[in-house]
Each structure stands twice: as C-alpha cells, then as structure tokens.
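Q: Please take a close look at the open sheet in this model and at the helical packing beside it. I would like one connected account of how the parts are arranged.

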Amino acid sequence: MDDIIKFETVSDYNDFMGVETLHPLISVIDFSKVNPIQSFKHSSGFYAIFLKTTKCGDIRYGRNVYDYREGTMMFVAPGQITEVTSEEEYFQPHGLALLFHPDLLRGTSLGMHIHDYNFFSYEVFEALHLSTQEKQTIEDYYNKINVELSRAIDKHSIMLITANIELLLSYCVRFYDRQFITRSHLNQDVLSRFEKVLNSYFKSELPQTLGLPTVKYCAEQLHLSSNYFGDLIKKETGKSAQEHIQHKLMEIAKERIFDKSKSISEIAYELGFKHPQHFTRVFKSDTGHTPVKYRALLLN
C-alpha cells in the first residue's frame with residue numbers, strides 16, 4: 001500500500017466513501033453506513049476529526065500505529081498522511097468523521113485561531129480518549145452540525161456550522177486538559193526523561209555540531225510530537241518546554257563560568273552558541289550581568 005490517495009476536496013473523500021455531499025466544504029460521515037472498505041493511505045487538503053465509536057482496524061499516522069478503542073478521537077490537519085489498515089481485505093469501519101476545508105473558515109472567528117489547536121499536529125498515539133459522558137458531548141456536536149447541513153443553506157448556515165465546530169474543539173481542549181491531569185504519573189516520567197535528555201545533550205559534543213537544543217529535538221528523543229510535548233510540559237509545570245531548556249542552559253553556563261581555564265567564547269561554543277555575543281546577551285538577560293562580570297563577582 002505504497003500509493004497515497006490525494007483528496008483535495010471534501011467531495012473527493014465523500015465520493016471515495018460513497019457518501020452524498022451536502023456541502024462542498026464540510027461533511028459529517030457515519031462510517032457504519034458506508035460500504036466495507038480496503039486498507040488505504042491518503043493525504044487531504046482539509047481538516048478531519050475522527051471519533052471511533054467501536055474498536056475496528058488500525059490507523060497509521062506518520063510512523064506510528066494506534067489500535068483504536070471505543071471513544072477515541074484523532075485530529076488531522078491538511079497535508080498530513082494517514083493510513084487506515086486492517087488484517088482483513090475488506091472491513092466495515094465504524095465511527096464518525098467531521099471533515100471541513102480551510103475555505104469554510106475564511107472570515108470566521110474559528111478561521112482566525114484554528115492554528116491554536118495544537119492537537120491537529122499530535123501524533124496518533126497521543127490521541128484523545130473520551131469517557132462515556134465526554135463521548136456523548138462530542139457526538140451531540142457531530143449531530144448538530146449534520147442537522148444544520150441537512151437544512152437548506154441560508155445566510156446563517158456557515159456562521160452556525162463554524163460556531164458548532166469551534167465549540168466542539170473547545171470541548172476537546174477541555175478533555176485533553178483532563179487527560180493530561182489523569183495521566184499525571186506518566187507526565188512525571190516524561191519530565192524526568194526530559195531532564196536526562198538535556199543532561200546528556202550538554203555532556204556530549206552535540207552542542208558543537210547541532211547547536212543549542214531545540215524543543216523539536218527533545219520531543220523526538222522522547223518519541224513525542226513537538227506540540228504534544230510542549231503542551232504536556234506547559235500543563236504539568238506552568239512553563240514552556242523552551243523555558244525549561246533555557247533554564248537548564250543557564251544552570252550549566254553558570255557552572256562552567258567557574259572554570260577560569262576557559263574563555264567566555266570557548267564556553268559559549270561548548271554550549272552550542274554560534275556567536276559569543278549571543279551568549280552574552282542571553283546570559284545578561286537571565287542574570288543581570290555579563291558572563292565576564294558574573295565570573296568576577298563569583299571569583300573575587
């Protein structure tokens with residue numbers, strides 16, 4: 001299954017699934033009502049929100065596979081590649097999908113901040129797992145949007161539809177916050193491993209070859225997407241992942257300044273700074289002193 005099917009429009013996906021297109025820019029699909037399908041890989045030009053209502057098939061997103069259980073949500077942004085697989089040649093999918101094209105959001109409140117919903121860039125294993133009550137709430141919004149699509153389109157339609165999508169996404173933000181809290185013990189493990197990643201990084205020669213550690217690098221070492229990792233750290237500690245990296249960087253910088261055998265420039269390069277002047281600005285912003293002044297205050 002190497003070929004990737006490209007669905008540029010919502011109508012393309014509807015046609016593939018044998019579903020009637022009620023509006024060219026948005027669709028709600030009940031997979032239990034479509035014909036059995038084969039495994040396929042696709043990319044799309046629209047947003048997709050999948051709600052699995054029963055365990056069936058696997059979804060591969062990026063390099064990871066998730067065996068979906070009942071009441072799981074996954075969010076896909078335009079351009080991302082998703083693969084639906086099953087051990088059976090033909091299988092009956094179950095669940096709901098909300099598909100909407102970016103053009104639907106033009107000039108709307110949702111269109112102004114759709115990129116604020118980081119979970120559209122989460123990996124598949126970072127999916128949202130719903131309680132029974134949460135699942136009912138999400139299904140209600142799928143139904144509201146579908147009812148609106150079934151009506152004759154008028155001047156109020158787009159406003160009402162996008163308002164309901166925005167409310168659905170707001171509930172997803174709430175439910176993800178709940179999930180971060182209920183998985184706090186796992187999050188603590190991520191924090192511990194994050195600290196080890198940074199310690200290992202600065203003990204190695206990676207700063208000289210890769211430069212300063214990035215959130216993306218740390219997330220990859222922890223096998224998480226950058227957005228999920230950043231959101232997890234922020235929810236758990238109140239500080240961003242970048243702030244944690246900056247704090248660790250300054251801790252190590254202050255330790256190394258004690259070594260009078262090395263110049264400030266040498267320390268800057270060891271830490272991953274390309275230019276010593278950049279190191280001086282960052283250090284002064286953090287401590288209120290230049291590295292030279294800080295060293296003099298400590299050693300005199």
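A: Five strands make up an open sheet, ordered β2-β9-β4-β7-β10, with antiparallel pairing. Two strands count as paired if DSSP finds at least two bridges between them. Helices (H or I, at least four residues) and strands (E, at least two) are DSSP runs, numbered from the N terminus. The edges are held by β2 (26-30) and β10 (128-129); each has a single partner strand, so one side of each is left without a neighbour in the sheet. In general, strands of a sheet pair through backbone hydrogen bonds, either parallel or antiparallel.

The model is a predicted one, in which local features need pLDDT of at least 70 and side-chain atom pairs count only at pLDDT 80 or more, while totals for chains, interfaces and linings use all residues. Residues are numbered from 1 along each chain as its sequence is written, and side-chain values use heavy atoms, with hydrogens and water left out.

Within the sheet, strand β4 (residues 47-52) pairs with strand β9 (residues 96-100) in the antiparallel sense over five bridges, and Leu51 is placed opposite Leu96 in β9. β4 also pairs with β7, again in the antiparallel sense and over five bridges; here Ile49 stands opposite Phe75 in β7. The pairing of β7 with β10 is antiparallel over two bridges, with Met73 opposite Leu128 in β10.

Strand β7 is mostly covered, since five of its five residues are buried, where buried means under 20% relative accessible area, exposed over 50%, and partly exposed in between (1.4 Å probe, protein chains only). Both faces of β7 are covered: Thr72, Met74 and Val76 lie on one side and Met73 and Phe75 on the other, all of them buried.

Helix α3 lies across β2, β4, β7 (72-76), β9 and β10, and runs at about 125° to β2. Contact here means heavy atoms within 4.5 Å. Axes are lines fitted to C-alpha atoms, for helices over the stretch in contact, and angles run from 0 to 180 degrees between N-to-C directions.

α3 (residues 132-150) also packs with helix α4 (residues 157-182): their axes come within 10 Å and cross at roughly 170°. The two helices are therefore roughly antiparallel to each other, given that angles under 35 degrees count as roughly parallel, over 145 as roughly antiparallel, 65 to 115 as roughly perpendicular and the rest as oblique. Residues making the contact include Tyr141, Lys144 and Ile145 of α3 and Leu160, Asn164 and Tyr171 of α4. By class, the contact of α3 with α4 has 13 nonpolar, three polar and four charged residues. For these classes, Ala, Val, Leu, Ile, Met, Phe, Trp, Tyr, Cys and Pro count as nonpolar, Asp, Glu, Lys and Arg as charged, and the others, Gly among them, as polar.

Asn164 belongs to helix α4 and, at 14% relative accessibility, counts as buried. Leaving aside residues up to four places away in sequence, Asn164 touches Tyr141, Lys144 and Ile145. The side chain of Asn164 also reaches the backbone oxygen of Leu160 at 2.9 Å. Asp177 is likewise in helix α4, but is partly exposed, with a relative accessible area of 27%.

Methods. A polar contact is a pair of N or O atoms within 3.5 Å; within protein, one must be able to donate a hydrogen and the other to accept it, and residues adjacent in sequence count only if both atoms are side-chain atoms.
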